[in-house]
Amino acid sequence: MTFIMRGRLRYAAASAAAILGALAAGRGAAADPAPPFKDLLARAQANAPRLAEAAASVRQAEGLARQAAARPNPTADIGVENFSGSGVYSGSNNAETTFSLSQPLELGGKRGARMAAGRADLDAARARLVQSQADYAFALADAYAQAEAAERRVSLAQEAVTLSDETVRASRALVDAGKEAELRSLQAQAALTAARASLDEARAERAGAFSRLTALAGSAAPFTSLTESLLSGSKVKSQQRDIDVLATPAVLAAQAEREAAARRVRIEKIRAVPDVTVSAGVRRFSGDDSTALVAGLSIPIPVFDQNRGNITAAQGELQAAEARLNAARFDAEADTRTALFQIDAAQTRVSAATEGETTAAEAYRLTRIAYEAGKSPLVELINARRSLAEARAQTIEAQLARLRAEAGLARLQGRLFGDR
């Protein structure tokens, strides 16, 4: 299979992918440009399914914390004795009717322990919500930047098609003038076909990137363009580079979950203490129409069930929570060192990529002048154009890596990436 045929096949496949992506993006509501990232993040706080789940968990914990303060309900009891029997107990003349109220009394501090566990679970849910918000801001920033990078790749691919088309026209002119062989014109045409295939492929990737951004933001209208650039410029300030490892959202959430597990161990230990039920009431004797007070006290005997299994299970949960807390601390320390290193490396990479792009652009300009003057072969022009495209692509990747590093640093600091 020749190079030209392979290029045409790539072009056809990329065209089909672009059409399918455009059809998928066009379904549903009308397209809408994505707002600036900070506005999109604020809007997504109420619409994003990921955050809605974490917020619902907080509301659930709030309800359970309120329920934990509830006392046991009293029990009303009415009973009739000594009626419809034989002899003197036939009928209901000698019936005894008793009305009583019984109230369970929780001993050993059960209610206080239950309330403390409810508050601890609520704190853990709120800590997980903060972590979810930081993680979501990172994911949304990455999706926003990916969409911007995909849009830039489309622009580069369009520019590559334009340059390749100009190269084809220049090569044909040189072939017609007898200064180039026909092979050079075929090579230029093959390069143009490959550039067009790359353009359609980039368009398909752009459609996918905007679809992911739309889904992550929870927007009813699909996004097809951006109103802000996140890739250009450094966003990290010197005073924002400090990270307290123990104050990262992941560690705080693990710490809160460990505290909640410890509270549940106390609940299970206290639950083994028997509760007392006190009852009091009035009994009416139908035989002489007299009444008397009745009272009672009942307490279970913990012979068979001493709640040992639940205590062991709660202790195992506590041990698992402590292990997750230790792992979160180690991960936070490693992530902190990595984030600070990536920030410096990404900034250096962006500077180098920008300088390389400038050099490649100048080299292409000079090579093009030399080719049009007949002083440089077509191969050098194609190579120079390829080097320029690669340099610009490396600049995009470097800027994308820098933004990911900055967003990762913000996540570790427990702040939303949009709040800068």
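## Terms and model

A residue counts as buried under 20% relative accessible area, as exposed over 50%, and as partly exposed in between, with a 1.4 Å probe and protein chains only. Glu-148, at 4% relative accessibility, is therefore buried.

The model is predicted, so local features need pLDDT of at least 70 and side-chain atom pairs count only at pLDDT 80 or more, while totals for chains, interfaces and linings use all residues. Residues are numbered from 1 along each chain as its sequence is written, and side-chain values use heavy atoms, leaving out hydrogens and water.

## The chain as a whole

The chain has eight helices and six strands. Here helices (H or I, at least four residues) and strands (E, at least two) are DSSP runs, numbered from the N terminus. Starting at the N terminus, the order is α-β-α-α-β-β-α-α-β-α-β-β-α-α.

The chain holds 420 residues, and 36% of them count as buried. Contact means heavy atoms within 4.5 Å. Take the contacts between residues at least 6 apart in sequence: 81% of these join residues at least 24 apart.

## Helix H7 and its partners

Helix H7 covers residues 308-372, and helix H8 covers residues 378-413. Their axes come within 7 Å and cross at roughly 160°. Axes are lines fitted to C-alpha atoms, for helices over the stretch in contact, and angles run from 0 to 180 degrees between N-to-C directions. Angles under 35 degrees count as roughly parallel, over 145 as roughly antiparallel, 65 to 115 as roughly perpendicular, and the rest as oblique. H7 and H8 are therefore roughly antiparallel. Their crossing is left-handed. That term applies if the near helix is turned anticlockwise from the far one by less than a right angle; clockwise is right-handed. The contact of H7 with H8 has 20 nonpolar, ten polar and ten charged residues. Ala, Val, Leu, Ile, Met, Phe, Trp, Tyr, Cys and Pro count as nonpolar, Asp, Glu, Lys and Arg as charged, and the others, Gly among them, as polar.

Helix H6 (residues 249-271) also meets H7. The axes of H6 and H7 come within 8 Å and cross at roughly 165°. H6 is therefore roughly antiparallel to H7. This crossing is left-handed too. By class, the contact of H6 with H7 has 13 nonpolar, three polar and nine charged residues.

Thr-367 sits in helix H7. Its relative accessibility is 17%, so Thr-367 counts as buried. Leaving aside residues up to four places away in sequence, Thr-367 touches Ser-376, Glu-380, Leu-381 and Ala-384.

Pro-377 belongs to the loop between H7 and H8. At 36% relative accessibility, Pro-377 is partly exposed. Pro-377 and Thr-367 are ten residues apart along the chain, and their C-alpha atoms are separated by 9.1 Å.

Glu-148 lies in helix H4 (residues 110-176). The side chain of Glu-148 reaches the backbone nitrogen of Leu-230 at 2.8 Å. Beyond four places in sequence, Glu-148 touches Leu-226, Glu-228, Ser-229, Leu-230 and Leu-231.

Ala-173 is also in helix H4. With 45% relative accessibility, Ala-173 counts as partly exposed. Ala-173 and Glu-372 are 199 residues apart in sequence, yet 9.7 Å apart in space, C-alpha to C-alpha.

Leu-216 is part of helix H5 (residues 182-217). Leu-216 has 12% relative accessibility and counts as buried.

## Two loop residues with positive phi

Most residues other than glycine have a negative phi. Asn-82 has a positive phi, near 60°. Asn-82 is in the loop between strand S2 (75-81) and strand S3 (96-105). At 34% relative accessibility, Asn-82 counts as partly exposed.

Asp-289 also has a positive phi, near 55°. Its place is in the loop between strand S5 (276-285) and strand S6 (290-298). Asp-289 has 54% relative accessibility and so counts as exposed.

Terms used. Polar contact = N/O pair within 3.5 Å; in protein donor to acceptor, adjacent residues only side chain to side chain.
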